[in-house]
Each structure stands twice: as structure tokens, then as C-alpha cells.
Amino acid sequence: MSQITGKCIIRLNGSELQSTDDATLNVGGVNREAVVGGGKVYGYKEETVAPTLECSVAHDKNTDLVALSATTDATIIFESDTGDKYVLRGAFMTEPASLQTTNGTASLNWSALSCERM
């Protein structure tokens, strides 16, 4: 029986973030949508989708949310506890970091120019 992913480590430009285990990685590629008319399906059209990473980090006095929010052209390594690794290149924050004081975490939303399996 093989191990199923349940945890992750996220590194930003070589430094490990205090990431929680509830991250979502979208490797990007294409979305496909059916093209229909006259009661028929004619085919599909494609739309390019950028890679994204949504994660939360444990917040403490050393977590600089302003600096994280300003990040552009970064390299992010996403590693699951199964050993599967992905690298996001040219990564940038898509919105300012959001701090939730009820659970002590900050939400980070990234997009990137590319995502490759290592």
C-alpha cells in the first residue's frame, strides 16, 4: 500500500515557510470547455490556466506579511510528505497576505509563470 499525501513543506527562494498542511497546488495547464450548438457537441476550446498555490503559514513575530505580499519573481518548492516535489518559477503573490488571529495563520495566494515536477 502506498502513502497518500497529507503534509507539505513549502520553500520560498530557499527558505522554508512555516506552512500548515492545508495547502492547495494547481499545476496549471489548460481548462477545456465544450462547444455546443444545435443540440450537438462540436468539440472543445481551451483556456490557459496559470499555476497557483494557496497555503497558510503559522504567524509569529518574525513573519513579515508586508514583505511576503510584495514578493515577485520568486522560486517556490512544494514538497509533499510522499517525496513528490514541484517547482514554481517566476512566482508572485496575487493578493496581500491575510492574517487570521483566531487560528494564528496567514493566508498566502501565489501564481507563477510555470510549474514543473522535480
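1. Burial. In this predicted model, 31% of the 118 residues of the chain count as buried. The accessible surface comes to about 7500 Å², and carbon and sulfur atoms hold 49% of that area.

2. Overall dimensions. The radius of gyration of the chain is 17 Å, whereas a compact globule of 118 residues would have one near 13 Å. Along the principal axes, the C-alpha atoms fill a box of roughly 60 × 40 × 30 Å.

3. Secondary structure. In sequence order the pattern is β-β-β-β-β-β-α-β-β-β-β-β. Among contacts with a separation of 6 or more, 59% are between residues 24 or more positions apart.

4. Nonpolar core. Which residues touch the most other members of the largest nonpolar core? They are Ile10, Leu12, Leu17, Ile76, Leu108 and Trp110, out of 22 residues in that core. Two or more residues each come from strands E1 (8–12), E6 (52–58), E7 (74–80), E8 (85–93) and E10 (105–111), and from helix H1 (65–69). E8 gives the largest share, four residues. In soluble globular proteins, nonpolar side chains tend to be buried together.

5. Ile76. With neighbours within four places in sequence left aside, Ile76 is in contact with Ile10, Arg11 and Leu12, with Leu53, with Tyr86, Val87, Leu88 and Ala91, and with Trp110.

6. Charge. The chain carries 9 positive and 15 negative charges.

Terms used:
Residues numbered from 1 in each chain as written. Predicted model: local features only at pLDDT ≥ 70, side-chain atom pairs only at ≥ 80, totals over all residues. Heavy atoms only, no water. Rg over C-alpha atoms; globule rule 2.2 N^0.38 Å. Buried < 20%, exposed > 50% of the residue type's maximum accessible area, 1.4 Å probe, protein only. Contact = heavy atoms within 4.5 Å. Areas by Shrake-Rupley, 256 points an atom, 1.4 Å probe, with all protein chains shown as cover. Lys, Arg positive; Asp, Glu negative; His and termini not counted. Charge placed at Lys NZ, Arg CZ, Asp CG, Glu CD. Core = buried A, V, L, I, M, F, W, Y, C linked by side-chain atoms within 4.5 Å.
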